[in-house]
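Have the viewer open while reading.

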Amino acid sequence: MKTMKHIVTLISAVLFATAVSAGEIGVSGSTSASITTGSSDTTAGGSDTGRTLAVANDINFDASGSVDELGWTWTWQTQLDAGAIDDTRLEITTGMGTIGLYGTEGGLNFKHGGSQNAIAFGSQIGSAAGIVDPADIGGQNNIQWHSAADLLPYSTSIKLGYGMNGSATSEPGDSPMSTGHQTKGYSAQLSFVPVEGASIGASYYEIDSNVSYAGGAVQDNQNAAYYGSYKFANGIGLSLTKAYNVPASNSTVATYNLYETDSYSIGYVTGPWSVSAGREESHRNLTTDAAEYDVEIDIFAAAYTIGGATLEAAYKTIENASYVQNADQTELHLGLSLAF
């Protein structure tokens, strides 16, 4: 912790002690509207789960500049999202890489890495079906180091992160969020391009809650994912992802000791059109001998993009939502997104 404080203090001192050029400020973002209809089918019978109209926005306030004497550049961004200003990032790029300071931002999770879906995987649209994904350091305030672009062969990128207590609106000088145990996070991400059209990556995130439980050893929350994808010259793309979440628990009382999710997608892009099919299979492992039911989500989607506008449609089916036998659902999604 002291080391991190020294790094932040050093960066601040250098920025104020050298010539910092005035940065340009800009505003960008997007707005989207969607209608989702659904129905469920369980052992108790079928039912209409209703219709949802959602109108969302993401507005980005951006600034950038440079530290002339050192040859450094910097970028800053904060977002107005659902009526709150949060998700702030400050990135300082040097010849040795980039140092990033993030307020509940800077996610490194590759759970959906390499996706070839026209819109997104099924768990990202409408109901998430109770799938337990790997946690991400972007949920904490954190500091990261990213390797410099083109420093390593095969477009290799390395990112390391250290998460600390804090909130999206934390301000300099805030006292520790808690006088008790402090939650820390450690994350790493690696990706590279072995051949043109291919991409491979892996991520890991461990949350050290620094808490001990009576009656047994403690398992910290461990999260990992890896993926491989390939895009052919004819516009067809394929991807495979494997993700894990090992819950934090006392080994003597844990009910579930592992969530494991496989994700597949195939997509085709031609001109303004993109179509895809995606599948997710999630397994929850019980610590006792009992029946287990895997969540399965299939999604078929199409999107048409012209200028800054995208029209999208998707049909999704869910089996065993929340790992409950025969808790099945279907959804139809229609949406419009506008970038500005």
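## Second largest pocket

The lining of the second largest pocket divides into six nonpolar residues, eight polar and one charged. This is a predicted model. The space in this pocket comes to about 170 Å³. Its lining has 15 residues, and those closest to the centre are Ser 32, Ser 34, Glu 312, His 333 and Ser 337.

Three strands each supply at least two lining residues: strand 1 (24-42), strand 2 (45-67) and strand 18 (328-339).

## Largest cavity

A search of the whole structure finds one cavity of 30 Å³ or more. The largest cavity holds about 50 Å³ of space. Its lining includes Leu 108, Asn 109, Pro 134, Ala 135 and Asp 136. Ser 187, Ala 188, Ser 203, Tyr 204, Tyr 205, Asn 223 and Ala 224 line the cavity as well.

Which strand gives the most to this lining? Strand 9 does, with three residues. Strand 8 (184-192), strand 9 (198-208) and strand 11 (221-231) each supply at least two. By type, the lining residues of the largest cavity are seven nonpolar, four polar and one charged.

## Salt bridges

Side chains of opposite charge can pair when their charged atoms come close. The structure holds 11 salt bridges. One of them joins Arg 89 and Glu 105, with the closest N and O atoms 3.6 Å apart. This pair links distant parts of the chain, 16 residues apart. Arg 89 sits in strand 4 (residues 84-94), and Glu 105 in the loop between strand 5 (97-103) and strand 6 (141-146). Arg 89 is partly exposed, at 23% relative accessible area. Glu 105 counts as buried, because its 15% relative accessibility is under the 20% cut-off.

Asp 133 and Lys 111 also meet in a salt bridge, at 3.4 Å from N to O. Both residues lie in the loop between strand 5 and strand 6, so the pair ties together parts that are 22 residues apart in sequence. Asp 133 counts as partly exposed at 27% relative accessibility. Lys 111 counts as buried at 2%.

## A strand pair and a network

Glu 260 and Lys 242 form a salt bridge at 2.7 Å, N to O. The pair links distant parts of the chain: Glu 260 in strand 14 (residues 256-270) and Lys 242 in strand 12 (residues 236-246). They are 18 residues apart. Lys 242 is buried, with 16%.

Salt bridges also form a network, which links Arg 279, Glu 281, Glu 296 and Asp 298.

## Nonpolar cores

The largest nonpolar core has nine residues in all. They are Ala 129, Ile 131, Tyr 259, Val 295, Ile 297, Ile 318, Ala 321, Tyr 323 and Ala 327.

## Loop residues

Thr 104 has a positive phi, near 45 degrees, in a residue other than glycine. Thr 104 lies in the loop between strand 5 and strand 6. With a relative accessible area of 17%, Thr 104 is buried.

Asn 326 has a positive phi too, near 65 degrees. Its place is in the loop between strand 17 (309-319) and strand 18. Asn 326 counts as partly exposed, at 33% relative accessibility.

Thr 288 is in the loop between strand 15 (273-286) and strand 16 (295-306). Its relative accessible area is 54%. Thr 288 is therefore exposed, as the cut-off is over 50%. The C-alpha atoms of Thr 288 and Asn 257 are separated by 10.0 Å. Along the chain, Thr 288 and Asn 257 are 31 residues apart.

Terms used
Residues numbered from 1 in each chain as written. Predicted model: local features only at pLDDT ≥ 70, side-chain atom pairs only at ≥ 80, totals over all residues. Heavy atoms only, no water. Salt bridge = Lys/Arg side-chain N within 4 Å of Asp/Glu carboxyl O. Helix = DSSP H or I, 4+ residues; strand = E, 2+ residues; numbered from the N terminus. Buried < 20%, exposed > 50% of the residue type's maximum accessible area, 1.4 Å probe, protein only. 1 Å grid on protein atoms, 1.4 Å probe; cavity = no way out; pocket = protein on both sides within 12 Å on 5 of 7 lines; lining within 4 Å. Points joined across faces, edges and corners; volume = space filled by probe spheres on them. Nonpolar A, V, L, I, M, F, W, Y, C, P; charged D, E, K, R; others polar. Core = buried A, V, L, I, M, F, W, Y, C linked by side-chain atoms within 4.5 Å.
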